[in-house]
Each structure stands twice: as structure tokens, then as C-alpha cells.
Amino acid sequence: MGRRNEPPRLADGGFAVWSRDRLACARRGAAECGDVWQLEPGVYVASAAAPCEAVLRRARDFPKASAPLFPPLRRPGGALTPEERSFAHTARMRGLRAQSVAARTGRIAPRTARFADQWPDGEDVEVLPRVRHALAEIGVHYLFSEDAPLLLPRAAQLFLAREALVRPSRWVWPRWVPTPARRFRTRQQVAFTDALRPVVHRRRSSGLLGDDLLGQMLQPSPHHGLLPEEAVLDTLPGITVATFETPTRAAGWILLHLARHPEAADRVAEEADSLPADPAATTGAHLGGLRYTQALVSEVLRLYPPSWLLTRQVARETQLAEYTLDAGSTVLVCPYTAQRDPREYAEPDRFRPERWLQDGDTPSGGGVFLSFGTGPHGCEGTALAMTMLTLLTAQTARRHRLSEPPGPRPSHQVTTLEGLATVGLRLRATARG
């Protein structure tokens, strides 16, 4: 245990808690110190696009720290083997790959439309709680289908446990110390697992596994057979929270940009008119037609990546830019500065969704894009997150014009606690004619 100093050491969740003006610190370091710079002995910051991408792709040199917010529960049988963990990853990816998400677009779209329909007209509304509730419903239903109502309240408690764990503290406690936040996390994880276990038993005993993500994980593999029950139960608390926690931060920035760029919002609304009147009839083909909307979402994620700072440990002595890094050092990867690298993007600080379109209509690759990570540890839920955010954006712009409340001060506060969020964001919706 040790008391925090400035700049701080790494805490639970693997993220650095810097001074209050962290983003300015990161950008100043990138501008003054080069592509990679030393924050303090043993701690380096990769701020330009090329080294950031290199660190994330070189997983053997820079492995992701093994410190999940919801680690496997301790059980008499012991921890899962590496083979079982690999099998669990393969099983859940059956439900998260792009083809699987596209096949279930019609189940995602109705709840994004409901979010837009329920936005009160002409009132200043705090956005993030409403978005979080909507995305939690979408995410939990995507994972568990008809069993979602049972698990949704438990998912909300898991989110509260996550927030308690990543909150800054004056002290860094060893992982074995049962702090109040960790005890609360364990209680909520046990409660979620206890609610999920009978669902797994019922589905397996009936043979009706379902076509949701849980059903995909329960499908036997021709090579491995059935995934052990504990592997299913240990995997799902973290994934459940991930389906709506990070997308909520992203959605806040997206809706704020719809308010600040009405001409872009009008173009999204025009494109959204191609969606079916019945949201349940929405298909992957309809989603693919929302090219400008997807470009807008990508541009907002480029400018304001929800996870603006990632942590990697150095496994062995290696070279990064002009530095020789010792094993055990820490590298902070900054997508926020990497995605504003002028060598990757012209006018990097300007909001310009068109940069993601070729000839004004066809999706283009753009530059380095790290908002969902990259390499072996890239976000597993990228396809699901992009589908939710694209449909939420389209349905909201289709029904409303958004604006910030009048006044000289912004309607939100930018926080960087683990992620970049618009806390307290308030917007006003006016129905389109």
C-alpha cells in the first residue's frame, strides 16, 4: 500500500489517474516530447498513431495486464485452464462476430426507436442515465433474450460495482485486500451468477439453448464438447456490463455532436428515413445503408474515444521508438492523441464525418483508429457497439432536433475517470415536423 503522489501510480482497472487537466497533459506531452515520452521512471506514454498501434499489436512484448474488473469467483474446483479460457473466448465470439450481430439487427432496432420515442419534447433532459438504461436493455436482451428481465436488475448492480471499483482513491491497495468496493463487487457478482445458473440449467436440460449469446456459448463444440458451466458463469458478468457501459460514454458524445452540428444531424435524419416503419423489420442491409450515420459515429469516436488511455506492461526488454524499455515497465497508450495525429488525419481536430466516406458515399478506411483497440486484445463487442450506436443515432435524429440548453456554460462536465465521458450532459429535443 502507498499514498498517491503526482503523477500517480497505476490503480485498479489498469488506468492512470493524472492531474485534473489530463487531456491537456497528454496533448502537451505529445506536442513537446515526441511520439513516445517518459512520464516518470518505468512509465512511458505512446501518444502518436504509429507507436500506439504497434504497442497494441505487439501483444507478446506488451501484454494486457490480467486484472479483470470481474475476476473468476473462487470455487473448490480451482481456476479454469488456459484451454478452457480459450474455448470460452471462441464460444462467446460466435455470438459477437459481425455476422451474428447483423442477423439480430431486428431485435436491436426496436429498443433504439423506443429510446427516441420516449424522449420528452421541449424539456432539458440529463442524457447519460437515459442512454445507459436504453443500452443496458439492448445489451442484456442481446445476451439473454427472454431471460433478460430477470438479469437486467442484476446487471444494473454490476454497473454500480464497476463504478465503485474504478473511482479514484488516495490509496493503492494490494489486490488481496478486501476493500469495501471489492466486497461489494463480489456480492453483486455472486448475485448475478446465482440468478444466471438456473437459466443455464434450464436451457441445457430442455435442449432449447436459444440463439442469443448465451445460447451460442452453450452450443457444444465439435473439438471441445460442452463449455464448462463455470466458464460460462465467469465470462458473462464482465461482458454484460461492457455491452452498455462504454457505449453509453460514446453515445453521450454522439448526441452532443448532433446538437452542435445540426447540418450533420439533418443528413443523418434524411438517411434514417430509409429505415422500415416497423423497427423490428430492420435488417443488416438497412444498417449497411446508413453510411453517413456510421461515418458520423466513427468521427465522434475518433475525436473522443470512450477509453482514451490504455495500459500495457512490458514483458521483456524491447525497443519502442528511441527508448529501450525494461521488462516490468508500463506503457500508456493514448488513442485520444493517436487519433488526432496530423500524419494520419488532415485537420485532425475538426469534426468532419465526410473523411470516413470515399466519393461522399462509400465507406473508407480512414487513418489509425483505436477507439475499440486493435490487435489480439481488441474489443470483442465492436460489431455490437457500432450497431447499437448507429441505430440509436439514426432513430434519434429521425425523430428529433437536439440542442443544448441556453446559457454561457456547457451543459456537461468532461471527466476522464478511466474513460472520456460527458457527465451531467443535458440536451433538449424538439420533434421534427
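The following questions and answers look at backbone angles, aromatic pairs and charges over rings in this predicted model.

Visitor: Where does A321 lie, and what is its phi?

Guide: A321 is found in the loop between strand 7 (318-320) and strand 8 (323-325). Most residues other than glycine have a negative phi.

Visitor: In which loop is E347 found, and what is its phi?

Guide: E347 belongs to the loop between helix 15 (335-338) and strand 10 (357-358). Its relative accessibility is 45%, so E347 counts as partly exposed. Although E347 is not a glycine, its phi is positive, at about 45°.

Visitor: How many aromatic pairs are there, and what is the geometry of the one formed by F159 and F244?

Guide: With ring centres required to lie within 6.5 Å, the count comes to 8 aromatic pairs. One of them is formed by F159 and F244, which is tilted, with 6.0 Å centre to centre and 45° between the planes.

Visitor: How many residues apart are F159 and F244, which link distant parts of the chain?

Guide: F159 sits in helix 7 (residues 148-166), whereas F244 sits in the loop between helix 10 (229-242) and helix 11 (245-260). F159 counts as buried because its relative accessibility is 9%, and F244 is likewise buried, with a relative accessible area of 2%. The pair links distant parts of the chain, the two residues being 85 residues apart.

Visitor: What is the angle between the planes of F369 and F372?

Guide: F369 and F372 form an aromatic pair with 6.4 Å centre to centre.

Visitor: Which residue has its charged end over the ring of Y345?

Guide: Y345 is linked by ring pairs with W356, F369 and F372 into a cluster. Over the ring of Y345, at 4.7 Å from its centre, sits the charged end of R302.

Visitor: At what distance from the ring centre does R104 lie over the face of Y142?

Guide: A charge sits over a ring if, among other conditions, CZ of Arg is within 6 Å of the ring centre. R104 lies over the face of Y142, and its distance from the ring centre is 4.6 Å.

Methods
Residues are numbered from 1 along each chain as its sequence is written. This is a predicted model: local features need pLDDT of at least 70, side-chain atom pairs count only at pLDDT 80 or more; totals for chains, interfaces and linings use all residues. Side-chain values use heavy atoms; hydrogens and water are left out. Helices (H or I, at least four residues) and strands (E, at least two) are DSSP runs, numbered from the N terminus. Buried means under 20% relative accessible area, exposed over 50%, partly exposed in between (1.4 Å probe, protein chains only). Rings of Phe, Tyr and Trp (its six-membered ring) pair if their centres lie within 6.5 Å; planes under 30 degrees apart count as stacked, over 60 as edge-to-face and the rest as tilted. A charge sits over a ring if NZ of Lys or CZ of Arg is within 6 Å of the ring centre and within 35 degrees of the ring normal.
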